[in-house]
Amino acid sequence: MIDYKIKLLAEIIHAEITGNPEASVNEIYFDSRTIFSPGKAVFFSFSNNDQTYVNDAYQKGIRVFVLSKIGDIQQDAVYLKVDSPLKALQQWAEYHRNLFDIQTLAITGSNGKTIVKEWLNQLLWKDFSIVRSPKSYNSQIGVPLSILKINQKNELGIFEAGISKPGEMEVLEKIIRPQIGLLTHTGSAHLENFSSREELILEKLKLFKNTEKIIFNADDEPASHLVRTTYPDKQLITFGTGSNNHLQLIQVQKQDNCQKISFLFKEKNYQIEIPFPDKGSAENMLCVLTFLSVLNIGFENYLNDCKSLLPIEMRLEIKEGIRNSLIINDSFNSDLHSVKVALDVLAQQSFPKKSLVMTDVLQSSLNKDLLYKEVAELVNSYSIDELILIGKHITKYKHLFDAKPRIFPDTEEFIKSLNLLNIHNEAILIKGARHFELEKVSALLEKQSHDTVLEVNLQALTDNLNHFKNLLKPSVKIMAMIKANAYGAGSFEIAHTLEHQQINYLGVAYVDEGVELRKRGISTPIMVMNPEQSSYSPIIDFKLEPEMYSIRVLKLFVKILKEKSISEPYPIHLKIDTGMNRLGFKSDQLKELIDFLKNEKSVTIRSVFTHLATADMPAEREFALQQLNQFDSDYSLISNELNIQPIKHALNTPGLIHFSERQYDMVRLGIGLYGFIDEPQVQKQLKTVLTFKTVISRISEIDVGETVSYGRRFKANRKTKIATLPVGYADGIRRALGNGKWKVNIHGKLVPVVGSVCMDMLMVDISGVDCEEGDQVIIFGDNPSAADMAKAMDTISYEVLTSISQRVKRIYYKE
């Protein structure tokens, strides 16, 4: 990003300046949690009333702020006050775009935007200085951030634009100002705020208001009709099966791990191969080919490279490594922006040693000297204990790095030198371009397991958290429940992510769970819901906060406090039983509790709470209201008698949805964070966090009359194709799900489990499904979901998730 004088920035966004505006900025932050090496950065505060984020950004080195309300003023900081920081960011991007006469492609659609953009970059980067949207930055914030990356050397801009509601695309069109528009596949995704698919497409087409050319799929009749009627006077460039198309599709031949696409262009036949067998990739490739054909740059020169296109991995994987290590695998692309994103993730890890394995950086817009000077400055701004550089270019600049690097010409040479016994208790970032094949390094360092895994999407977890945050009043705190190994997802990784999201409290069931989190560096306050008498000492030793549910356990805990000579009042939480009849003080026990606490100075009451028995049952709403009214009365009695105002909380996730007026001071989020709630309208807004996957071990065919598995409970009534999967009831698949009661997803098709589920295996009927040994199988995820499995088992999602065995490897990733 180019330098902007603060005074000029203030003029562009019509800001009122507080402080000295003589400095300049060349970097943007809007999330204080991601600040690790700010440099000359400006912080946009999109929160209207929370000074906390501004203060946090200041503590991390930010000295320039764009905000709508100025709170505490620091003498060495500059504040640019505007009506709307979001509009200010968009105004800045619009101004910046107008500085450059650059050929620009804007891509919109329901699916394929990022893939088309990245494939174009892979094919064209050697011949053009390209600026493009990082990852899938296509929102009201993402598009301005992308446009602000344009510099004087760029020759081609490729930007995505996505929308979630009417009115948004007009804003993005003014910012991008594209000459060419490309409409990818349009489906039913993102229809939440639109009355129909037609309304959604028409909104997307506003992006092309001032373009010269529009590229689209003529075979998508609804979209094609809308393009033609909306823009009859523009140059419409189509691909499809019809002979009147600019690029005519002749045939798609699917093979084992690839497909060949035959097409006609300017009366000449062509055939290309792409290393992806799915239908969506073929359509995306036709988008790419059609754009290449209108560039007038020697279309044929790029066709052979199509067979070497790389998959677009939009995620950074975090995996458990050997010898108590953590592996951060981002070996899919390598440019300056992605390097910084990956280094930020490494910086967040609480390990005593941090290592970086890094290859040549692919960024053609800078000459090598300037590029690696910037790379070294970026890496040097982080704390790196061991640095490995791989490649013929980056190794020439080893003298620029503070950490004394070990250098290797290629990945194979590094692997030869790798001594796995030297790996211990460290976080290792593997960052590089795909052709270096760093996945080989990752495979060596990962903790080995079988092919059945539980994938945990940490970005989806964060998005779900933010969904619920948006339902809360500004002052309401959040406790995230991570008991039972975070509902099967893995306590530490979930806790670490939530701590990074500045959650107020974590809740665990037992002391051992809290102790393990403390040992691994989690510092967020942790409440223990079921403290056992034998666990009081570790509670105190590891600064955990126990729930007190009877006068007996309270007195026992006070006794231990005094034995340990704890000088400061220790935080506790009082549970009130208002009708759950499980644990907690009943109303007639409060007088004894209050009398004891009036004279006991060794504890301080951090919160008072209750638990609703029927928050998710609309038919029992009156009982829940009765509980809440009783809780209000009991809390008031405690508060008044002891002259205190502790945190007051009662609502879990369903409670927040059905009794939002009773948010009090804090809510407790549990299963909702993982994407499950018995409320259809809310469920649509949540994202899938957990995906249970395996692979096909073996494919066989059986004849009529042959049987499958123990007890011969499945007998074939036709020639049947059977796939064996390496997952069974020891992994968490209940045995009762056999014999057709559950279906798994193979290449988008649901196929039934046949025969009995075994301890380590199960079998499915794949007749009519095009698949091979080694292909991926979804046990549950988006479709089918864990909620679907719960319904099949006549239970709840909680049981499904917490039943997944610990022998199933958890893989964590961020999109």
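These legends describe close-up views of a predicted model. Local features need pLDDT of at least 70, side-chain atom pairs count only at pLDDT 80 or more, and totals for chains, interfaces and linings use all residues. Residues are numbered from 1 along each chain as its sequence is written, and side-chain values use heavy atoms, with hydrogens and water left out.

**View 1. The second largest pocket.**
The second largest pocket holds about 960 Å³ of space. Of its 37 lining residues, Asp616, Asn652, Ile671, Ile796 and Tyr798 are closest to the centre. Elements giving two or more residues to this lining are α15 (483-487), α22 (653-658), β31 (666-669), α24 (786-793) and α25 (797-802). α24 gives the largest share, four residues. By class, the lining has 18 nonpolar, 10 polar and nine charged residues.
Terms: on a 1 Å grid over the protein atoms alone, a pocket is an open set of points with protein on both sides within 12 Å along at least five of seven lines. A cavity is a set of points where a 1.4 Å probe fits but cannot get out. Lining residues have an atom within 4 Å of a point. Grid points are joined across faces, edges and corners, and a volume is the space filled by probe spheres set on the points. Helices (H or I, at least four residues) and strands (E, at least two) are DSSP runs, numbered from the N terminus. Ala, Val, Leu, Ile, Met, Phe, Trp, Tyr, Cys and Pro count as nonpolar; Asp, Glu, Lys and Arg as charged; the others, Gly among them, as polar.

**View 2. The largest cavity.**
The structure holds three cavities of 30 Å³ or more. About 110 Å³ of space lies in the largest cavity. Its lining is made by Ile318, Leu326, Gln348, Gln349, Leu458, Phe492, Glu493, His496, Thr497, His500 and Lys814. Helix α16 (residues 491-500) gives the most, with five residues. The lining of the largest cavity has four nonpolar, five polar and two charged residues.

**View 3. The second largest cavity.**
The volume here is about 40 Å³. Leu183, Thr184, His185, Phe216, Asn217, Asp220, Ala223, Ser224 and Glu283 line the second largest cavity. Elements that give two or more residues to this lining are β12 (213-217) and α8 (221-230). Three of the lining residues are nonpolar, four polar and two charged.

**View 4. Glu160 in strand β10.**
Glu160 lies in β10 (residues 156-160). Glu160 counts as buried because its relative accessible area is 0%. Buried means under 20% relative accessible area, exposed over 50%, and partly exposed in between (1.4 Å probe, protein chains only). The Glu160 side chain makes a polar contact with the side chain of Thr114, at 2.8 Å. A polar contact is a pair of N or O atoms within 3.5 Å; within protein, one must be able to donate a hydrogen and the other to accept it, and residues adjacent in sequence count only if both atoms are side-chain atoms. Not counting residues up to four places away in sequence, Glu160 touches several residues, including Ile107, Lys113, Lys117, Tyr137 and Ile176. Contact means heavy atoms within 4.5 Å.

**View 5. Asn745 in strand β37.**
Asn745 sits in β37 (residues 743-746). Asn745 counts as buried because its relative accessibility is 11%. A polar atom of the Asn745 side chain lies 2.8 Å from the backbone oxygen of Asn783. Leaving aside neighbours within four places in sequence, Asn745 is in contact with Leu750, Gln776, Val777, Ile778, Asn783 and Pro784.

**View 6. Helix α21.**
Helix α21 (residues 621-642) has 22 residues. From first C-alpha to last, α21 reaches 32 Å, close to the 32 Å expected at 1.5 Å a residue. The expected span is 1.5 Å times one less than the number of residues. Buried residues of α21 include Ala624, Leu628, Phe631, Tyr635 and Leu642. Among the elements covering the buried residues are β28 (570-576), α20 (590-598), β29 (603-610) and β30 (647-649). Asn643 follows α21, with a positive phi near 55°.

**View 7. Helix α17.**
In α17 (residues 511-519), the residues Val511, Glu513, Gly514, Val515, Leu517 and Arg518 are buried. These buried residues pack against α15, α16, β25 (505-508), β26 (526-528) and α18 (536-541). Gly521 follows α17, with a positive phi near 100°.
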